[in-house]
Amino acid sequence: MHATLEKLLSHGPVVTDGAWGTQLQSRGLPVGACPDAWNLSHPDAVEAVAQAYVGAGSQIILTNTFGANRFILARHDMADRVAEINAAGVAISRRAAGDRTKVFASMGPSGLMLMMGEVSEDDLRAGFLEQAVAMAGAGADGIVVETMTDPAEARLAVAAAKETGLPVVACMTFDSGAKLDRTMMGTTPEHASEQLLDAGADVIGSNCGQGVAGFVEICRRLHATSGRAVWVKANAGLPEMREGKTHYAQTAEQFAEFVPQLIAAGAGFIGGCCGTTPEFIRAVCAKLRD
Ligand SMILES: [Zn+2]
């Protein structure tokens with residue numbers, strides 16, 4: 001494992017951050033707008049999210065760059081601004097982090113299906129490398145490949161991130177199958193673990209897709225296969241539609257109740273995904289202090 005990650009883990013479980021998308025929406029990002037473009041147009045709002053997580057006790061914060069690859073940016077006519085948007089995203093989190101919090105840059109999927117021939121392996125590789133190089137150049141401490149459903153795409157992203165020499169975390173989303181223990185493409189935690197480690201990931205894990213209750217068993221299985229501390233970022237329960245808006249009903253305290261079980265299952269990095277807030281991170285920190 002990369003020395004940066006070993007050093008972080010040497011003091012016990014590491015608290016990461018919570019959701020960015022839902023936090024930006026609560027600060028005015030319209031549904032359907034490009035969140036990553038806010039690094040250029042609304043840097044203060046993005047920095048406020050990062051600062052809120054640092055203030056809540058996050059030891060690692062991510063960046064507002066989840067969709068800042070040329071494939072997703074093309075939908076917003078910004079495919080030529082990958083370097084600029086990623087550099088700004090890392091710089092914003094860096095400013096909020098100061099020197100006591102690490103900044104791991106977020107790398108999401110392309111939104112295109114390899115299997116359907118919507119994109120070639122070579123184009124995916126080049127696109128992810130372009131993004132990873134921009135993140136590393138802007139001073140990220142690590143890269144988190146997240147919300148992946150296709151192991152073939154995840155492998156390409158991990159390999160590209162790995163070329164920068166930074167520590168690489170790789171996460172897939174398990175939200176399908178009768179037991180919600182498969183990705184949308186049918187990948188199990190065991191298969192994901194094998195593929196992501198083989199591609200060079202330092203740490204593997206899971207984010208998004210379901211609430212924290214379902215993460216305990218997935219974490220246990222990822223840990224059993226990899227033998228490494230697992231990265232876990234669960235949603236704040238399942239979303240409900242209320243008055244046309246997505247609403248997450250779980251409270252920060254209910255979420256944090258699962259922290260001891262997650263640690264027993266092998267979690268080494270704990271944070272939240274969709275619907276979680278700085279309050280959730282504060283509750284996780286409080287639970288860890290108990
Ligand atoms: Zn999520």
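User: Which is the crossing of helix 8 and helix 9, left-handed or right-handed?
Analyst: This is a predicted model, in which local features need pLDDT of at least 70 and side-chain atom pairs pLDDT 80 or more, while totals for chains, interfaces and linings use all residues. Residues are numbered from 1 along each chain as its sequence is written, and side-chain values use heavy atoms, without hydrogens and water. A crossing is left-handed if the near helix is turned anticlockwise from the far one by less than a right angle, and right-handed if clockwise. For helix 8 and helix 9 the crossing is right-handed.

User: How does the direction of helix 8 relate to helix 9?
Analyst: The axes (lines fitted to C-alpha atoms over the stretch in contact, with angles from 0 to 180 degrees between N-to-C directions) of helix 8, residues 151–162, and helix 9, residues 189–198, come within 9 Å and cross at roughly 30°. Angles under 35 degrees count as roughly parallel, over 145 as roughly antiparallel, 65 to 115 as roughly perpendicular and the rest as oblique. Helix 8 is therefore, relative to helix 9, roughly parallel.

User: How many residues of each class are in the contact of helix 8 with helix 9?
Analyst: Contact means heavy atoms within 4.5 Å. Pro151, Ala154, Arg155 and Val158 of helix 8 meet His191, Gln195, Leu196 and Asp198 of helix 9. Ala, Val, Leu, Ile, Met, Phe, Trp, Tyr, Cys and Pro count as nonpolar, Asp, Glu, Lys and Arg as charged, and the others, Gly among them, as polar. The contact of helix 8 with helix 9 has 4 nonpolar, 2 polar and 2 charged residues.

User: How does the direction of helix 6 relate to helix 7?
Analyst: Helix 6 (residues 82–97) and helix 7 (residues 121–137) have axes that come within 8 Å and cross at roughly 40°. That angle makes helix 6, relative to helix 7, oblique.

User: Which residues make the contact of helix 6 with helix 7?
Analyst: Helix 6 passes helix 7 in a right-handed crossing. From helix 6 come Val82, Ala83, Asn86 and Val90, and from helix 7 come Glu130, Gln131, Ala134 and Met135.

User: How many residues in the contact of helix 4 with helix 13 are charged?
Analyst: The axes of helix 4 (residues 43–56) and helix 13 (residues 278–289) come within 8 Å and cross at roughly 15°, which means that helix 4 is roughly parallel to helix 13. Ala52, Tyr53 and Ala56 of helix 4 touch Pro278, Ile281, Arg282 and Cys285 of helix 13. These residues divide into 6 nonpolar, no polar, and for the charged class, 1.

User: Which are the edge strands of the open sheet?
Analyst: The open sheet has 8 strands in the order 1-10-7-6-5-4-3-2, with parallel pairing. Two strands pair if DSSP finds at least two bridges between them. Two strands here pair on one side only: strand 1 (14–15) and strand 2 (60–61).

User: Which residue in strand 5 stands opposite Val144?
Analyst: Strand 4 (residues 142–148) pairs with strand 5 (residues 168–172) in the parallel sense over 4 bridges. Opposite Val144 stands Val169.

User: Which residue in the turn between strand 8 and strand 9 has a positive phi?
Analyst: Strand 8 (residues 239–242) and strand 9 (residues 245–248) run antiparallel, joined by 4 bridges, and Glu240 stands opposite His247. The two strands form a hairpin with 2 residues between them. The phi of about 50° in the turn belongs to Glu243.

User: How many helices and strands has the protein chain?
Analyst: Helices (H or I, at least four residues) and strands (E, at least two) are DSSP runs, numbered from the N terminus. By that rule the protein chain has 13 helices and 10 strands.
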